[in-house]
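Work through each task with the structure open before reading the solution.

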Amino acid sequence: MSTNDTDSSVEFLFFSYYPLFLVIAGTTLNMLTFVTLCRRTFQDTKKQPVMHYMRAMAIFDTVMLYGWNLDHYLYAIHGFRLVEYSIPSCKIMSFIDYFITPASAWLRVFICFDRYLALSHLNRTWFSRPNSVLIIIGCIVAVFTIYNAHFLLFACYVRSDGTITANSVFYQVFPLWDYIQLGIYNCVPFFCMVTLDSGVIYHLVRRRRTTAIQNSRIQHRVISITLLITTFLFLIMTIPSSIIFAFFYDIVNTTVLMLVDAAMYTYHILSFPLYFITFHDFRREFLTMIQYARFVRVVAPMTNTVPMNIVATTERKIISKTAGHVHTQMNH
């Protein structure tokens with residue numbers, strides 16, 4: 001076998017199984033993110049309404065991995081795509097793909113918006129109230145559900161050759177919808193993120209110089225770094241894929257297409273490592289959860305011989321020692 005054939009084989013195996021890796025790793029990491037954000041430190045959503053956004057984002061990012069990303073693996077290894085398997089699966093998968101991507105992006109926009117309002121207003125605005133955040137999330141879901149409902153109603157039919165297409169017999173869905181998707185998933189959200197993050201940085205610098213924010217300078221520096229990293233990753237990992245697939249699909253080689261597509265889906269599994277590295281409270285709460293799980297595994301076989309009051313006392317000591325004093329980094 002020649003070197004070129006070997007390289008092609010390795011490349012094929014990598015891009016074939018990498019989507020499956022993203023499904024497994026992404027589901028695990030995003031669910032760990034969701035569970036951690038539901039723990040004691042983050043349960044007071046009256047003080048931290050942004051938690052609603054972050055939990056929703058973890059769920060949306062997980063669902064996103066089961067659309068086009070999973071189809072890449074199924075087609076390469078098993079020879080079929082869910083979007084072409086049957087009319088019902090075509091409708092459902094097309095809807096999910098075009099619904100979940102902009103919804104996930106706009107959740108990130110509103111996280112940036114929440115941080116901007118937290119720093120630019122002394123008192124909470126309507127947008128920063130817990131119930132208002134839930135209403136905003138509901139509106140995001142409702143808007144993009146209605147916007148993409150035509151996939152469930154009119155898209156997908158069987159061609160004369162027996163194959164299934166996601167287009168419609170009533171109108172041409174593609175490539176128009178890809179161009180629209182580029183705007184509402186990439187361009188507009190990125191512009192909003194950059195604008196809002198610039199405002200966040202401005203207010204951080206201003207308050208650090210003029211108010212008592214010096215007492216929490218590390219906390220706000222971490223928040224700024226997290227926002228900047230999120231925006232930067234969104235730029236370099238999602239926009240190239242949408243642009244190339246919308247405008248240059250026929251002229252770019254397959255390797256480039258698979259590379260930018262893999263990068264886009266990789267972005268949606270990065271919340272956990274990003275939070276773990278930059279958010280002290282998140283990291284502490286996750287480690288507390290892990291240590292408690294280890295404690296339960298060790299103590300469980302002993303429950304028949306050790307008095308329960310001793311077990312309970314030891315458990316409280318472990319959790320108290322790990323948790324420490326709560327300084328939630330999402331507050332302003």
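**Exercise 1.** Does Cys-38 count as buried, partly exposed or exposed?

*Solution.* The model is a predicted one, and the class is assigned from computed accessibility. Buried requires under 20% relative accessible area and exposed requires over 50%, with partly exposed in between. Cys-38 has a relative accessibility of 30%, so Cys-38 counts as partly exposed. The reasoning carries over to Cys-139, which is partly exposed because its relative accessibility is 41%.

**Exercise 2.** Identify which cysteines are joined by a disulfide, and determine the handedness of that disulfide.

*Solution.* The criterion is a pair of cysteine sulfur atoms within 2.5 Å. Cys-90 and Cys-156, with an S to S distance of 2.1 Å, are joined by a disulfide, and the count by this rule is one. Next, the torsion about the S-S bond of Cys-90 and Cys-156 is about -80 degrees, so the disulfide is left-handed. The pair links distant parts of the chain, since Cys-90 belongs to helix α4 while Cys-156 belongs to strand β1 (residues 155–158), 66 residues apart. Finally, Cys-90 and Cys-156 are both buried.

Notes: Residues numbered from 1 in each chain as written. Predicted model: local features only at pLDDT ≥ 70, side-chain atom pairs only at ≥ 80, totals over all residues. Heavy atoms only, no water. Helix = DSSP H or I, 4+ residues; strand = E, 2+ residues; numbered from the N terminus. Buried < 20%, exposed > 50% of the residue type's maximum accessible area, 1.4 Å probe, protein only.
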